[in-house]
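This report looks at a few strands, a helix and an aromatic pair. Please view the sequence and the structure before reading on.

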Amino acid sequence: MSDDGRIEEQRGAAGSLPLADEDISPQAQAAILRLMSEIPRLREEIAANNRRIAHLEEVADRDPLTPTVNRRAFVRELERTKAYVDRYKAPAAIIYLDIDGMKTINDRYGHAMGDEVLVIVARTLMGNVRSSDIVGRLGGAEFATILSHAQPTAAGGHAAAPHQP
């Protein structure tokens, strides 16, 4: 309630909307004040929910084992890249990698060692591409990389000679 006996509802930077005491009952005034006191808590709750949503969206796109995107995110980015390439006639390339011998590694050294091999491969791939490129684990021991704006010779060089980071 303002100094001159009027209730003011805050409207952010837009100012306030004054209501005279005689226009509203004391019970309604009290209810409005209670509702207005809830606004900061509700704003914080919305902000917290938005942070949770952003986190869940990030988790939904990440491979649970390696530091790459998962198949779902990779396919989405592949479709997006294809649309861009088709529209602007921009160059792009895809490198596909299927690691042979993973069953032998898992059988001989255990799944924890096999998982470590997958993580090392993923880190090696990610360490050899630009931050704008997409590295994804498609499943098992299958990886793929989308190289946007890459000429075929550059893509061939990436595929032929990756370096351990």
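In which sense do strands E3 and E5 pair, and over how many bridges?

## Basis

This is a predicted model, in which local features need pLDDT of at least 70, side-chain atom pairs count only at pLDDT 80 or more, and totals for chains, interfaces and linings use all residues. Residues are numbered from 1 along each chain as its sequence is written, and side-chain values use heavy atoms, with hydrogens and water left out.

## Strand E5 and its partners

Strand E3 (residues 92-98) pairs with E5 in the antiparallel sense, over seven bridges. Two strands pair if DSSP finds at least two bridges between them; helices (H or I, at least four residues) and strands (E, at least two) are DSSP runs, numbered from the N terminus. Strand E4 (residues 134-139) is also antiparallel to E5, with five bridges. Phe143 in E5 has Leu97 opposite and also Arg137 opposite.

E4 and E5 form a hairpin with two residues between them, and Gly140 in the turn has a positive phi of about 50°. In E5 (residues 142-148), six of the seven residues are buried (under 20% relative accessible area; exposed is over 50%, partly exposed in between; 1.4 Å probe, protein chains only).

## An aromatic pair

Tyr84 and Tyr88 form a tilted aromatic pair, with 4.8 Å centre to centre and 45° between the planes. Rings of Phe, Tyr and Trp (its six-membered ring) pair if their centres lie within 6.5 Å; planes under 30 degrees apart count as stacked, over 60 as edge-to-face and the rest as tilted. Tyr84 and Tyr88 are four residues apart in helix H2 (residues 71-88), so about one helical turn separates them.
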